[in-house]
Amino acid sequence: GLITLVSGCASAPTEYYTLDMRPSGGVKSTVSISVGTITVTEALAQKNLLIQKSPTQVEYYAVGQWAGSLDELLKEKIGTELGPRDPKSKTLVLTGELESFEQVDIPNGAQAHLKLDAELREAGKSRYSPALLKKIYDITAPVEAPSANGTAAALSRCVEKLAAQLADDAARL
């Protein structure tokens with residue numbers, strides 16, 4: 001007969017995730033926004049997707065890693081959402097610090113959480129000049145199936161909401 005050996009200690013291959021870079025079409029922007037420097041906190045500088053298990057405990061997906069640095073993924077996704085810049089309109093530059101970008105376990109499942117401490121300035125202004133807008137965007141979205149892939153998809157939706165809110169706020173400046 002055929003004997004199949006299954007190794008219980010084989011390490012699982014790493015799975016790589018990115019944000020959904022297709023434009024959602026949710027942004028109706030009248031202002032051009034370019035994405036400048038986005039810094040990430042130390043906890044988010046890890047490649048693995050972060051899970052906030054409780055208010056005091058975090059862990060990472062063992063095999064679920066971001067395909068690139070979060071600042072680059074975020075810049076690309078926000079840029080895609082905001083669409084091509086109109087050369088005739090004034091351009092604002094977004095900078096900020098990404099403070100949360102994770103799955104948060106909640107009693108009946110999980111949600112994705114994005115928190116960005118953002119600033120908008122006119123293009124060409126020093127990042128030390130006063131910002132036209134300083135705002136902390138704190139956005140959540142449900143995770144349909146708690147998994148690295150489900151979390152990446154839900155975080156993509158968080159970034160889509162972020163871009164729409166940014167565009168609305170910028171239009172009022």
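Predicted model: local features only at pLDDT ≥ 70, side-chain atom pairs only at ≥ 80, totals over all residues.
Residues are numbered from 1 along each chain as its sequence is written, and side-chain values use heavy atoms, with hydrogens and water left out.

The protein has two helices and seven strands; helices (H or I, at least four residues) and strands (E, at least two) are DSSP runs, numbered from the N terminus. Read from the N terminus, the order of the elements is β-β-β-β-α-β-β-β-α. Along the principal axes, the C-alpha atoms fill a box of roughly 75 × 35 × 30 Å.

Of the 173 residues in the protein, 41% are buried. Buried means under 20% relative accessible area, exposed means over 50%, and partly exposed lies in between (1.4 Å probe, protein chains only). The protein exposes about 9,700 Å², and carbon and sulfur atoms supply 53% of that area. Accessible areas come from the Shrake-Rupley method with a 1.4 Å probe, and for residues only the protein chains shown count as cover.

Contact means heavy atoms within 4.5 Å. Among contacts between residues at least 6 apart in sequence, 68% join residues at least 24 apart.

Helix 1 covers residues 70-82, and its 13 residues should span 18 Å at 1.5 Å a residue; the end C-alpha atoms are 18 Å apart, which agrees. The expected span is 1.5 Å times one less than the number of residues in the helix. The buried residues of helix 1 are Leu 70, Leu 73, Leu 74, Lys 77, Ile 78, Glu 81 and Leu 82. Seen down the axis of helix 1, these buried residues fall within an arc of 155 degrees, so they line one face of the helix. The arc is that of the directions from the helix axis to the C-beta atoms. The buried residues of helix 1 pack against strand 2 (32-40), strand 4 (57-66), strand 5 (91-106) and helix 2 (148-171). After helix 1 comes Gly 83, which has a positive phi near 80 degrees.

Strand 5 contains Leu 98, which counts as buried at 0% relative accessibility. Leu 98 and Val 40 are 58 residues apart along the chain, yet their C-alpha atoms are separated by 4.7 Å. Not counting residues up to four places away in sequence, Leu 98 touches residues including Val 40, Leu 70, Leu 74 and Leu 116.

Strand 3 (residues 48-54) holds Leu 49, a buried residue with a relative accessible area of 1%. Leaving aside neighbours within four places in sequence, the contacts of Leu 49 include Tyr 17, Tyr 60, Trp 66, Ala 148 and Thr 151. The C-alpha atoms of Leu 49 and Val 63, which lie 14 residues apart along the chain, are separated by 8.8 Å.

Asn 48 is also found in strand 3, and at 17% relative accessibility Asn 48 counts as buried. Apart from residues up to four places away in sequence, Asn 48 touches Tyr 60, Tyr 61, Ala 62, Val 63, Gly 64 and Gln 65. Asn 48 and Thr 151 are 103 residues apart in sequence and 12 Å apart in space, C-alpha to C-alpha.
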